Amino acid sequence: MNCIIVDDEPLAREGMLLLLQDIGNVTVKGCFNGVKKAREFLNENEVDLIFLDIEMPGINGLDFALSVPRETLIIFTTAYSQYALKSYEVEAIDYLVKPIEKDRLLSAIEKALTYHNLLKGKGGEMEGVENEYMLVKSDRRYHKILFTDIRYIEGLKDYVVIHLDESKMVTAMNLKTIHSNLNTKQFVRVSKSYVVNLSHIDSFDNHTVYIKSAEIPVGDVYRKDFFELYLGRSQPDKL
C-alpha cells in the first residue's frame, strides 16, 4: 500500500518515517511539509493512504481531506485530541494522537489495509430488506445478513461497511439510504459516519459508544436523539 506523509513539523515527519520503515505492507512515496506540494503529488501519482496532520499553515488537514481522491484513505496524525470527531466527519479511517505509539500505528495500518482491500473489490448491492434481514449481492452471490448480527455500520467514501459479529461487508450505498431501510428503534445514527445497533452497545459516555473494541464517536447533532432513544431522556447523568 503506497502512502505519503503530510506534516509541517520536520521532526514529526522523520518520526513517522522511522515508525513506518519496518512495516512491510506500507511503502512511503513522499513526505511533504504542506498541502500544496502534497496536492501536486496526488495529481500525478496514485496514493492509497495519507498520514495527515491537521494544524498546518494555510490549508489545514481537515479541509485538505475533503479534496483528496475518493479512493485515497486518510489517517490523521495530530497533537490535538479535540479534532477526533471532526476527523471522522471527513471520512478519515483513523485518528492518531502524537506522540504516536507503534502498537497504535500498527492497529491503524491494519484497519487501512483491510479497508483498502475491501474497496479494491466490488462493493455489494442491497437487493432487498425483510423484517429480520437484508440481502446483499456480492461476488455473484446473495448474502443474507441478519439485523441481529450487525454491530454497527460505518460510512466510508461511496460505500458503507457493515460490521458483523465475525466479518465485514462493503456495500455500494450511502449511510443515509441504508439507515432509512433499517428499524429506527433498533439502529440509531450517532454521527455523520456511523449507525449503531443499540443491542450491541457495551458501554458509552457523553462522546463515545463502545462496541467490543470499536470506539464510535457521538456527534453533537445526533447526541440528543441517541440518548432519548437509548435512555429515554435527552442526556445521561454527568459522567
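The lining of the second largest pocket divides into 5 nonpolar, 2 polar and 7 charged residues (Ala, Val, Leu, Ile, Met, Phe, Trp, Tyr, Cys and Pro count as nonpolar, Asp, Glu, Lys and Arg as charged, the others, Gly among them, as polar). The model is predicted: local features need pLDDT of at least 70, side-chain atom pairs count only at pLDDT 80 or more, and totals for chains, interfaces and linings use all residues. Residues are numbered from 1 along each chain as its sequence is written, and side-chain values use heavy atoms, with hydrogens and water left out.

Arg 70, Glu 71, Thr 72, Leu 119 and Lys 120 lie nearest the centre of this second largest pocket. Helix 5 gives the most to its lining, with 4 residues (helices are DSSP runs of H or I, at least four residues, strands of E, at least two, numbered from the N terminus).

Helix 5 also gives the most to the lining of the largest pocket, with 6 residues. That lining has 15 nonpolar, 9 polar and 13 charged residues.

The structure holds 9 aromatic pairs (rings of Phe, Tyr and Trp, its six-membered ring, with centres within 6.5 Å; planes under 30 degrees apart are stacked, over 60 edge-to-face, the rest tilted). Phe 147 and Phe 187 are edge-to-face, because their planes stand at 75°, with ring centres 6.1 Å apart. The two residues are 40 residues apart in the chain. Both are buried (under 20% relative accessible area, 1.4 Å probe, protein chains only; exposed is over 50%, partly exposed in between). Ring pairs also link Phe 204, Phe 226, Phe 227 and Tyr 230 into a cluster.

Notes:
1 Å grid on protein atoms, 1.4 Å probe; cavity = no way out; pocket = protein on both sides within 12 Å on 5 of 7 lines; lining within 4 Å.
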